[in-house]
Amino acid sequence: MRKRHTLTRALIAATKSMVQGGLSETSRRCGKRTCRCYGDPTYRHGPHLYLTYRDDGASRSLYVPPEHADAAHAAHDAWAAFWTIGCALADLNREQLRREWQ
């Protein structure tokens, strides 16, 4: 019972900042003829950080400004913690059902 209480508190804490999605960095060309990236295929702008997620079956991305990168990583880490804790709670529930049903 104590373990369930500890996990539940951790789960609630993770919900305060979690964001479901992945983080990806991309580098790209801008397309301006006067830019170095236009003539040099090895030169790219970036890397730029994006939060990627699915919405109504479509893949979406949200640009993360550099000054918010730490917050984006923390939100992503909170989602991973939420998932891990949720799975641990599900394991406890399954074991409780196993004991009750046998």
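How many bridges join E2 to strand E3 (residues 58-64)? Seven, and the two strands run antiparallel.

This is a predicted model, where local features need pLDDT of at least 70, side-chain atom pairs count only at pLDDT 80 or more, and totals for chains, interfaces and linings use all residues. Residues are numbered from 1 along each chain as its sequence is written, and side-chain values use heavy atoms, leaving out hydrogens and water.

**Stop one: the strands.** Select E2 and E3. They form a hairpin with two residues between them. Strands are DSSP runs (E, at least two residues), helices likewise (H or I, at least four), numbered from the N terminus. Two strands pair if DSSP finds at least two bridges between them. Now pick Asp55; its bridge partner in E3 is Ala58. Click Asp56 in the turn: its phi is positive, about 55°. Find Leu23, which stands opposite Leu51 in E2.

**Stop two: the core.** Select Leu49, Leu51, Val64, Ala69 and Ala72. These five residues make up the largest nonpolar core. Such a core is a set of buried Ala, Val, Leu, Ile, Met, Phe, Trp, Tyr and Cys residues joined through side-chain atoms within 4.5 Å. Strand E2 (45-55) and helix H3 (69-101) each give two or more residues to this core.

**Stop three: His76.** His76 lies in helix H3. Is His76 buried or partly exposed? His76 is partly exposed, because its relative accessible area is 26%, and buried means under 20%, exposed over 50%, partly exposed in between (1.4 Å probe, protein chains only).
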